[in-house]
Amino acid sequence: MNLYDKQKILKLRSQGLSYAKIAEATGIPKGTVKWFLTKNATERDEPKCKNCGKPLKITPGKKAKQFCCDQCRWEWWHKHRNLYKPKKTMTCNFCGKVFSYFGKNRKYCCRACYLRGRYGSQ
Ligand SMILES: [Zn+2]
Ligand SMILES: [Zn+2]
């Protein structure tokens, strides 16, 4: 594990990722990630609100919270909800390029292709 890996692990951990997720993202075995983080336990490991970064109180015996308040939870999901939308992929009917999009079904990658494909102008 080099310095770059270590920084990456710490960064991912500070974003609240689990050992398993960090292992997955970095390709480093979970055991190594856990060992490294236990050894390097710093304030970064203190739970912080994912939205505002405010340190969270730990209630022993309760599941760790991710947000300091409902307002923060709402704001965070509002900001990140696009990340969780299923992405669809499609081959452009005009140029054949594979593109991805959200929401309503599309047949063309862009407006220019849509116009050319639909009205046949060059
Ligand atoms: Zn907060
Ligand atoms: Zn196209």
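Asp-70 and Arg-73 sit 3 residues apart in helix α4, about one turn of the helix. Helices here are DSSP runs (H or I, at least four residues; strands are E, at least two), numbered from the N terminus. The side chains of Asp-70 and Arg-73 come together in a salt bridge, at 3.8 Å from N to O. The rule for that label is a side-chain nitrogen of Lys or Arg within 4 Å of a carboxyl oxygen of Asp or Glu, and by this rule the count is 1 salt bridge.

How exposed are the two partners? Asp-70 is exposed because its relative accessibility is 59%, while Arg-73 has a relative accessible area of 40%, so Arg-73 is partly exposed. The cut-offs are under 20% relative accessible area for buried, over 50% for exposed, and partly exposed in between (1.4 Å probe, protein chains only).

## What kind of model this is

You're looking at a predicted model, where local features need pLDDT of at least 70 and side-chain atom pairs count only at pLDDT 80 or more, though totals for chains, interfaces and linings use all residues. Residues are numbered from 1 along each chain as its sequence is written, chains are lettered from A and ligands numbered from 1 in the order in which they are written, and side-chain values use heavy atoms, with hydrogens and water left out.

Trp-76 has a relative accessible area of 8%, so it counts as buried.

## The lysine patch

Lys-54, Lys-57, Lys-62 and Lys-65 form a positive surface patch. To get into a patch, a residue needs over 30% relative accessible area and no salt bridge; like charges are joined within 9 Å, and nonpolar side chains (Val, Leu, Ile, Met, Phe, Trp, Tyr) within 5 Å. Areas come from the Shrake-Rupley method with a 1.4 Å probe, and for residues only the protein chains shown count as cover. Lys and Arg are the positives, Asp and Glu the negatives, with His and the chain ends not counted. Each charge is placed at NZ of Lys, CZ of Arg, CG of Asp or CD of Glu.

Take Lys-62, which is in the loop between α3 (30–39) and α4 (70–80). Lys-62 is exposed because its relative accessible area is 63%. Ser-18 is 44 residues away along the chain, and the C-alpha atoms of the pair are separated by 17 Å.

The chain splits into domain 1 (1–45), domain 2 (47–84) and domain 3 (88–119), with bounds from an automatic or database domain assignment. Over C-alpha atoms, the centres of domain 1 and domain 3 are 40 Å apart.

Leu-3 belongs to helix α1 (residues 3–14) and is exposed, since its relative accessibility is 61%. Between Leu-3 and Phe-102, 99 residues apart along the chain, the C-alpha separation is 37 Å. Ala-25 is part of helix α2 (residues 19–26) and, at 44% relative accessibility, is partly exposed. Ala-25 and Gly-103 are 78 residues apart in sequence, and C-alpha to C-alpha they are 27 Å apart in space.
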